[in-house]
Amino acid sequence: MKKIILLIALPVLAIGVALGSFIYILDIMGIGAPSAAPAAVKQLPAAPVKKTTPTATLAIALPIADALGRVTKKPFSLYVTPNFSPVKPERFTGYHTGVDFETTPGERDIDVPIFAICPGKILVKKTASGYGGVLNESCTINGQAVTVTYGHLRLASIAKKVGETLAQGEQLGVLGTGYSKETDGERKHLHLGIHKGAGAVLNGYVATVAELKSWINVLDYLAPKK
Ligand SMILES: [Zn+2]
């Protein structure tokens with residue numbers, strides 16, 4: 001009797017051991033049914049929020065991509081005459097009421113989008129001497145009523161009409177082709193002026209420093225002083 005039990009028990013034991021080993025090997029190889037759920041990963045304390053000096057919030061949107069790098073010829077308040085100007089030939093005389101944003105040679109034949117720097121209503125949209133296509137937008141910037149002039153635009157690219165509203169950052173149109181009627185013969189660039197008050201105004205230059213006080217340098221908002 002004992003022999004019979006042994007004869008049965010031994011193979012069963014052998015199979016059991018073999019099977020156990022096999023499952024063990026599968027387990028350590030990561031094969032087969034997942035074992036118990038992994039123990040909860042110890043919760044690490046949250047990484048401290050890196051404190052950075054907040055970027056000064058701009059009161060306005062960029063009028064053109066890479067705006068700051070484009071101001072290379074005529075900044076705000078520059079006094080020019082036909083004999084003294086970074087631009088040749090120069091036909092204007094006076095203090096520059098705006099800031100000129102230049103284009104690159106690579107942008108000569110492509111559309112360069114221009115964006116509304118503030119939310120506001122279109123007051124003027126027309127072709128004017130010295131600008132070609134020009135737009136006046138009525139805005140409030142930092143609580144102050146202003147009129148923004150966007151000069152040298154392709155008038156046909158401006159879909160919205162006088163009286164309609166532009167959202168801040170909305171593309172209002174594209175620059176006019178250089179040395180064409182669209183820019184009134186000027187190079188391809190954006191002239192952007194900000195005049196204090198709500199009225200339409202298109203002067204690109206004024207004769208006196210006193211008059212210049214009615215204008216705001218857009219770079220005061222694009223590159224705020226620390
Ligand atoms: Zn200008």
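The largest nonpolar core in this predicted model has 30 residues. By nonpolar core I mean a set of buried Ala, Val, Leu, Ile, Met, Phe, Trp, Tyr and Cys residues joined through C-beta atoms within 7 Å. Buried means that 20 or more other C-beta atoms lie within 10 Å of a residue's own; exposed means 12 or fewer, partly exposed is in between, and the C-beta atoms are placed from the backbone. The residues with the most contacts inside the core are Ile 114, Cys 118, Val 148, Tyr 150, Leu 153, Leu 172 and Leu 192. Strands E3 (98-102), E4 (113-115), E6, E7, E10 and E12 (215-216) are the elements that give it two or more residues. Helices (H or I, at least four residues) and strands (E, at least two) are DSSP runs, numbered from the N terminus.

Some ground rules. Residues are numbered from 1 along each chain as its sequence is written. As this is a predicted model, local features need pLDDT of at least 70 and side-chain atom pairs count only at pLDDT 80 or more, while totals for chains, interfaces and linings use all residues.

Touching, or contact, means C-beta atoms, placed from the backbone, within 7 Å.

Now strand E7, residues 144-153. Eight of its 10 residues are buried. E7 runs antiparallel to strand E6 (residues 132-141), with nine bridges joining them. Strands count as paired if DSSP finds at least two bridges between them.

A separate topic is the open sheet of three strands, in the order E1-E2-E11, with antiparallel pairing. Its edge strands, E1 (79-80) and E11 (205-206), each pair on one side only. Two bridges join E2 (residues 94-96) to E11, and Tyr 95 is partnered with Val 206.

Two single residues next. Lys 74 sits in the loop between helix H1 (2-28) and E1. Is Lys 74 buried or exposed? Lys 74 is buried, because 22 other C-beta atoms lie within 10 Å. Beyond four places in sequence, Lys 74 touches Pro 86, Val 87, His 96 and Asp 100.

Ile 122, in strand E5 (residues 120-128), counts as partly exposed because it has 19 C-beta neighbours inside 10 Å. Val 162 is 40 residues away from Ile 122 in sequence, yet their C-alpha atoms are 4.9 Å apart. Among the other residues that Ile 122 touches are Leu 135, Glu 137 and Lys 160.

Finally, the chain as a whole. It has three helices and 12 strands, and 27% of its 226 residues count as buried. Of the contacts with a separation of 6 or more, 64% are between residues 24 or more positions apart.

On confidence, pLDDT is the predictor's confidence in each residue, from 0 to 100. The chain averages 84, and 73% of the residues score at least 70. Residues 4-38 stay under 50, and the model has four contacts for them beyond four places in sequence. Where pLDDT is low, the predicted coordinates should not be read in detail.

Key
Two residues are in contact if their C-beta atoms, placed from the backbone, lie within 7 Å.
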